[in-house]
Structures are given as structure tokens and as C-alpha cells.
Amino acid sequence: MSDSLLTIGHLARAANVDIETVRYYQRRALLPPSGVMRGAFRYYSAQLVDRIRGRLRKRKIKHAKARHRAQPVI
């Protein structure tokens, strides 16, 4: 990704998540604060798209492992 700036909506769309997911990650300090404000809008680095996608991949892997461990052995 280039280092362009995105609004929260564009960031969420590019990462294929809901805006609330981006806000949740910010509240949990999983994403750095934007630091760039123009008017009433916050702008985010496009590099965060890859970071969000990486977090989602890790979460999916973690859940898949948990499901696998929970399955009874026959």
C-alpha cells in the first residue's frame, strides 16, 4: 500500500471491515491514533490496511485452532 491518507470509511472498505471494527481496534490500542486531522475528519495511513488484515488473519487462525482442539477424538 502507498502511504496515502484515508478517511475511516475508506480505510474500513479497503481492509474489508466495518467502521466499528476500526474504532474497536483504536479503543483497544491495537491501531495507532491517526494524528492527522483536517477539519472534522481524521485521516489514517494506508499502511494500516495491511495491519488490520493481518489482525483478522491471526484471529481466524486462532479461532480455527480452538475449534480443532474442541472437536472430540473418535
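This is a predicted model: local features need pLDDT of at least 70, side-chain atom pairs count only at pLDDT 80 or more; totals for chains, interfaces and linings use all residues.
## Surface and burial

Of the 74 residues in the protein chain, 27% are buried.

## Overall fold and dimensions

Three helices and three strands make up the secondary structure of the protein chain. Followed along the sequence, they give the pattern β-α-α-β-β-α. The radius of gyration is 16 Å, well over the 11 Å that the globule rule gives for 74 residues, so the protein chain is more spread out than a compact globule.

The box around the C-alpha atoms tells you about the dimensions: along the principal axes it spans roughly 60 × 25 × 15 Å. As for contacts with a separation of 6 or more, 62% of them in the protein chain link residues 24 or more positions apart.

## The sheet

The three strands form an open sheet in the order E1-E3-E2, and their pairing is antiparallel. Strand E1 (5-6) and strand E2 (36-38) are at the edges with a single partner strand each, so one side of each has no neighbour in the sheet.

Have a look at the pairing of E2 with strand E3 (residues 41-45): the two run antiparallel and are joined by three bridges. Here Val36 has Tyr43 in E3 as its bridge partner.

## A helix across the sheet

Now for helix H1, which covers residues 8-15. Helix H1 lies across both E1 and E3, and its direction makes an angle of about 35 degrees with E3.

Technical notes. Residues are numbered from 1 along each chain as its sequence is written. Side-chain values use heavy atoms; hydrogens and water are left out. Two strands pair if DSSP finds at least two bridges between them. Helices (H or I, at least four residues) and strands (E, at least two) are DSSP runs, numbered from the N terminus. Contact means heavy atoms within 4.5 Å. Axes are lines fitted to C-alpha atoms, for helices over the stretch in contact, and angles run from 0 to 180 degrees between N-to-C directions. The radius of gyration is taken over C-alpha atoms; the globule rule is 2.2 Å times the number of residues to the power 0.38. Buried means under 20% relative accessible area, exposed over 50%, partly exposed in between (1.4 Å probe, protein chains only).
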